[in-house]
Structures are given as structure tokens and as C-alpha cells.
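Okay, thanks everyone. Let me put the next one up and walk you through how its pieces sit together.

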Amino acid sequence: MKARCNFRSRKTSGRNGKNYVLFIDVDGTLVACDPLFVRARENFVFLMHSLGFDSEAARQMIQDVDLKNARAVGFERDRFPMSMVEAYRELCKKFTPDSTPDTMVIELCTDIGHSPFFQAPQVFVNALPVLERASEYFLLVAVTMGNREAQEHKIYQAGFGGLFDELIITPNDNKPECVREAIIDMNVDPSQSAFIGNSLRSDGACLTETNFIHLPLEAGWAFDNHVLPVDTGFEAFTAVSWREVEERGIARLIRRREYKQAAKRRRKNVEQA
Ligand SMILES: [Mg+2]
């Protein structure tokens, strides 16, 4: 998808032709993600409780099954409803082994599992104005895991549709690889660019490719509690809000770039004098 092609008035590249890019995660960074899944899981627990299962056992089961499936099959949209059905079957097997899972309940589990993907996205405070301002100085690339149709729909619904220069949507947990490819394809200067995301694991891994701004607005997955790669030659820091991302991350990248260019101009003037 091409959203934006007007480069003329933007200062998104250096004299050497290299582009400056902000790579931005979507779920849990631009839009709230956890509350939708928490609500769906609680709806599942309520359904299981109404069928006679213990609420805590149901809550633990859907958490365990979905975590296992996320690791095994990744982040396609079908995984969550599949996990709901599997968790229901497992509860039946464990607590009522003589019964057969009910077809109607399986359909309800599937519907609950699909529900997070069809809600109006809640955009985090200041994400949109900060990125609108940043777009004058950086190409903007969304880098998100999941199903292309669902993620594109979410980005448009959230009001970011016209803002991104590129959308990278991967079904796999391989953001560093995607960023590496984009850096080559888009002729990017990675030292003057950055990745912004809430996950130390999937987003923080991109510190091997460019600078990283950690914005932990949501905790993410249980297996997200990683440490960042070390000695990559790039810088990482944590911001608590989009305002801080702008003031301490984006503004500093622009400042460094401008001072570097000014120093280069001065050197050139001295050489010519
Ligand atoms: Mg995220």
C-alpha cells in the first residue's frame, strides 16, 4: 500500500541521498491492544463459568493455550479464535471427560476470539500529532505483526492511513529481518533513524539494525521480558509517553543531523577558503 508520496516539502534525506526513517510498531505503541484481548478472554471465562467450569481454571487455560499457539503459529488473526476453541476442548477433556464439546459453544468461542479485530482502535494520546510533525523530517514506516487485512484496516480506522510511507506487515516474529530489508530497499541511514515500539523482545531486537526508542505503553506478551542486544553501535532509551518520544528521541535525532550537516558545511568552507 502506498499512502504518501509527496517528498518535495519534507526534509527526510541527507545530501548523500540517504533517507531518515522512523520505524513504528502499531499494537501497544500507536493503538491500545491489550484491553481488547483482556475483554475477549474475560468473555470466554464468563462463557466457561456459565457452562460450569471454574473461572480461574478457564482463565489459566486460555492464557496457556494462546501463549503456546503464539509461539507455534505466530500472529495471524485466526490464532486467537483457534486458541479459544482449543482451550474449551481442553477444559472439557480435563474436567468433563465423558462429555462431547458442544458445537454451539465452539461457534461462540470462535466469535469471541474474532471480536478484538473488529473494534474501533483506541489511539494513544499524542501519537498522531507527534508523528504528523515527525513526518516532515522522517519517512514513516509501520512495522507490525499480524494479518495484512486486519492491520491495514486498524491503521486506517485509527487515522494513520495517510501518514505512513510504507506498511510492513509480517505474520512472523521477524521484525529485525524486515527492518534490515527496508534499510536496504529504502536507502536508509540507520544511524539517523530509529525504531519506536513497546516490546523489548520483538521491537527491541531491531536495535541490531537502528536506534531504538522503547515506549512501554503496554506490557505485551509474557515472553516479552527480554534484554536488549548489546554493543550494536546504535543507541536505545525508554520514553514514558509520545511527548517524551518527541522531545528526547525524535528532536535529538533531528538536532544531531542538523549539527552534523552544519559542521560539514563549515569544514567545506574552510577547505575552500
Ligand atoms: Mg507492540
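Quick convention before we start: I call two residues in contact if their C-beta atoms, placed from the backbone, lie within 7 Å. This is a predicted model, so local features need pLDDT of at least 70, side-chain atom pairs count only at pLDDT 80 or more, and totals for chains, interfaces and linings use all residues. Residues are numbered from 1 along each chain as its sequence is written.

So, the sheet. Six strands make an open, parallel sheet, ordered β3-β2-β1-β4-β5-β6; strands are DSSP E runs of at least two residues, helices H or I runs of at least four, both numbered from the N terminus, and pairing takes at least two DSSP bridges. At the edges, pairing on one side only, are β3 (166-170) and β6 (236-238).

Strand β2 (139-145) pairs with β3 in the parallel sense over five bridges, and V141 stands opposite E166 in β3. Lying across β2 and β3 is helix α6 (148-157), at about 140 degrees to β3. Angles run from 0 to 180 degrees between N-to-C directions, with axes fitted to C-alpha atoms, for helices over the stretch in contact.

Now the helix pair. The axes of α1 (34-50) and α2 (55-73) come within 9 Å and cross at roughly 135 degrees. That makes α1 oblique to α2, oblique being what's left after under 35 (roughly parallel), over 145 (roughly antiparallel) and 65 to 115 degrees (roughly perpendicular). On the α1 side, R41, F44, V45, M48 and H49 meet S55, A58, R59 and I62 of α2.
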